[in-house]
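Okay, thanks everyone. I'd like to walk through some side-chain contacts in one model today, rings to begin with and then charges.

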Amino acid sequence: MQETKGRDMDPVDHLMQIFATAGAARYGGEPVSQLDHALQCAVWARGADADDGLVAAALLHDIGHLTYREPEEAMAEAVDDLHENRGAHLLAEWFPPEVTEPVRLHVAAKRYLCVEDPGYFDRLSEGSKRSLELQGGAFSEREAASFIVQPFAEAAVRLRRWDEAAKIPGARTPDLESFRPLLASVMVGGGNGR
Ligand code: FE
């Protein structure tokens, strides 16, 4: 998909447009769409009493997939599409580190949990296991230790667990529009320009 930067567009409208354009695509090999996955992830975050920045991160964590191309395509080509970096970069135009850093670290959090949580790897979906390989596999003990001391690493680990749980076919969620006030409230400058 070609990225429409939408310089003159309200940032929340811009994000909504990205979901409207690409959100119906399947989420990797999972039985949910990208939009369903994003909404379910945000609902888990809110249910866990995450602060608004982390709920926004949960909603937007895979936006880097949507601004690039189909994740299946990247997987079929056996390349890591580095969606976490692209997503964090896109969001940094409008959002503080409370949002962008958990997004940037959510793939590393998977690699971390493979070391720190026995059984985590086995519970991963087949799609997640496949992408893990492309993303470098489980961290070593040493990599895990240096990952978790980074700012926002704990938040990224929480996000990661909601990410894994946000793959329920047919689950009912509030719609994307209902997250508009939350997104605006966590934006730098409260969504009133950049
Ligand atoms: Fe995800």
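Predicted model: local features only at pLDDT ≥ 70, side-chain atom pairs only at ≥ 80, totals over all residues.

A search of the whole structure turns up two aromatic pairs. Tyr-112 and Phe-147 make a tilted one, 5.3 Å centre to centre with 40 degrees between the planes. That pair links distant parts of the chain, with Tyr-112 in helix α7 and Phe-147 in helix α10, 35 residues apart. Tyr-112 counts as buried at 12% relative accessibility, and Phe-147 is buried too, at 3%. The rings of Phe-139 and Phe-147 have centres 5.9 Å apart and planes at 50 degrees, so that pair is tilted as well. Put together, ring pairs link Tyr-112, Phe-139 and Phe-147 into a cluster.

Now, what sits over the ring of Phe-121? The charged end of Lys-129, 5.2 Å from the ring centre. Lys-129 also forms a salt bridge with Glu-126, closest N and O atoms 3.7 Å apart. Both lie in helix α9, three residues apart, about one turn. Lys-129 is buried at 18%, while Glu-126 counts as exposed at 53%.

On to the rest of the charges: the structure holds ten salt bridges. One of them joins Lys-167 and Glu-30, at 3.4 Å between the closest N and O atoms. Each sits in a loop, and the pair ties together parts 137 residues apart in sequence. Both Lys-167 and Glu-30 are buried. They also belong to one network with Arg-160, Asp-163 and Glu-164, joined by salt bridges that share partners.

Note on methods
Residues numbered from 1 in each chain as written. Heavy atoms only, no water. Phe/Tyr/Trp six-rings, centres within 6.5 Å; stacked < 30°, edge-to-face > 60°. Helix = DSSP H or I, 4+ residues; strand = E, 2+ residues; numbered from the N terminus. Buried < 20%, exposed > 50% of the residue type's maximum accessible area, 1.4 Å probe, protein only. Lys NZ or Arg CZ within 6 Å of the ring centre and 35° of its normal. Salt bridge = Lys/Arg side-chain N within 4 Å of Asp/Glu carboxyl O.
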